[in-house]
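Open the structure in a viewer and keep the sequence beside it. The stops below say what to select next and what is there.

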Amino acid sequence: MRPWRRDGDALVLELTHDEATMLTRLVSQVRQVFVAVRDGEADRADPVVERLFPAAYDDEELAEEFRRLTADDQAALRLDRQRAMARDLAAHETTEDERIRVAVPETSVDAWLAGIGDIRLVLHTRVQQGPTSHLDLSAEDLAQFQAVVDWLGFAQGSLVEAAMSDDPR
């Protein structure tokens, strides 16, 4: 992946075919979590659901009432972010050197920043990096996972830099 850059009124990301496929799949998978929450089909005991939609109160009745009143809107907002990412990824162009060029309008930058953050949060929660990890991952699997998380962090960071840049290249 090349760092994001500004191109007129859009921010542009160039990916390899494999990177574009991986990001598209991650967006789709995370989107499924938000659809399940929105539709009331999510397992509230799932660590990802608990992390993305935490209890607002210690009292279980109050927490459940808060969830009932807000979860749909929260899920819809996060779902809209993933939809914006999916839309922009689907509208890609292929460059002469066979890279995938994704142009994101300024109006979608916040959705991309938050959407990448949502993906990173889901991945971290699913694997629960650290001494309390609930998955039995080999060192190689964990290294590959970390590489994906680092890659997403780079994508998010370079998007921030490009969004703040006045350089129209």
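Angles between directions are sorted into classes: under 35 degrees counts as roughly parallel, over 145 as roughly antiparallel, 65 to 115 as roughly perpendicular, and the rest as oblique. The model is a predicted one, in which local features need pLDDT of at least 70 and side-chain atom pairs count only at pLDDT 80 or more, while totals for chains, interfaces and linings use all residues. Residues are numbered from 1 along each chain as its sequence is written, and side-chain values use heavy atoms, with hydrogens and water left out.

**The whole chain**

Helices (H or I, at least four residues) and strands (E, at least two) are DSSP runs, numbered from the N terminus. Along the sequence they follow the pattern β-β-α-α-α-β-β-α-α. The C-alpha atoms fill a box of roughly 55 × 40 × 25 Å along the principal axes. Of the 169 residues, 38% are buried; buried means under 20% relative accessible area, exposed over 50%, and partly exposed in between, with a 1.4 Å probe and protein chains only.

**The sheet**

Select the strands. They form an open sheet of 4 strands in the order E1-E2-E4-E3, with antiparallel pairing. E1 and E3 (93-94) stand at the edges with a single partner strand each, so one side of each has no neighbour in the sheet. Two strands count as paired if DSSP finds at least two bridges between them.

Zoom in on E1 and E2, which pair in the antiparallel sense over 4 bridges. Asp-7 has Ala-10 in E2 as its bridge partner. The hairpin has 2 residues between the strands, and Gly-8 takes a positive phi near 65° there.

Contact means heavy atoms within 4.5 Å. Axes are lines fitted to C-alpha atoms, for helices over the stretch in contact, and angles run from 0 to 180 degrees between N-to-C directions. H4 lies across E1, E2 and E4, running at about 115° to E4.

**H1 against H4**

Select residues 17-38 for H1 and 109-127 for H4. At what angle do the axes of H1 and H4 cross? They cross at roughly 80° and come within 10 Å, and the two helices are therefore roughly perpendicular to each other. Show the side chains of Leu-23, Leu-26, Val-27, Val-30 and Phe-34 on H1, and of Trp-112, Asp-118, Ile-119, Val-122 and Leu-123 on H4, for these make the contact. By class they are 9 nonpolar, no polar and 1 charged. Ala, Val, Leu, Ile, Met, Phe, Trp, Tyr, Cys and Pro count as nonpolar, Asp, Glu, Lys and Arg as charged, and the others, Gly among them, as polar.

Stay on H4 and colour its buried residues, among them Ala-111, Gly-115, Ile-116 and Thr-125. Just after H4, Gln-128 takes a positive phi of about 45°.

Next select H5, residues 139-164. H5 has 26 residues and reaches 37 Å from its first C-alpha to its last, close to the 38 Å expected at 1.5 Å a residue; the expected span is 1.5 Å times one less than the number of residues. The axes of H1 and H5 come within 12 Å and cross at roughly 90°, so this pair is roughly perpendicular too. Glu-19, Met-22, Leu-23 and Leu-26 of H1 meet Val-148, Trp-151 and Leu-152 of H5. This contact has 6 nonpolar, no polar and 1 charged residues.

Which residues of H5 are buried? They are Phe-145, Val-149, Trp-151, Leu-152, Ala-155, Gln-156, Ser-158, Leu-159 and Ala-162. E1 (2-7), E2 (10-15), H1 and H4 are included in what covers them.

The last stop is H3, residues 60-90, where Arg-78 is found. Is Arg-78 buried or exposed? Arg-78 counts as buried, because its relative accessibility is 18%. Not counting residues up to four places away in sequence, Arg-78 touches Phe-34, Leu-52, Phe-53 and Asp-118.

Ala-75 also has its place in H3, and its 0% relative accessibility makes it buried. Leaving aside neighbours within four places in sequence, Ala-75 is in contact with Phe-34, Val-37, Arg-38 and Phe-53. To finish, draw a line from Ala-75 to Asp-39: they are 36 residues apart in sequence and 9.2 Å apart in space, C-alpha to C-alpha.
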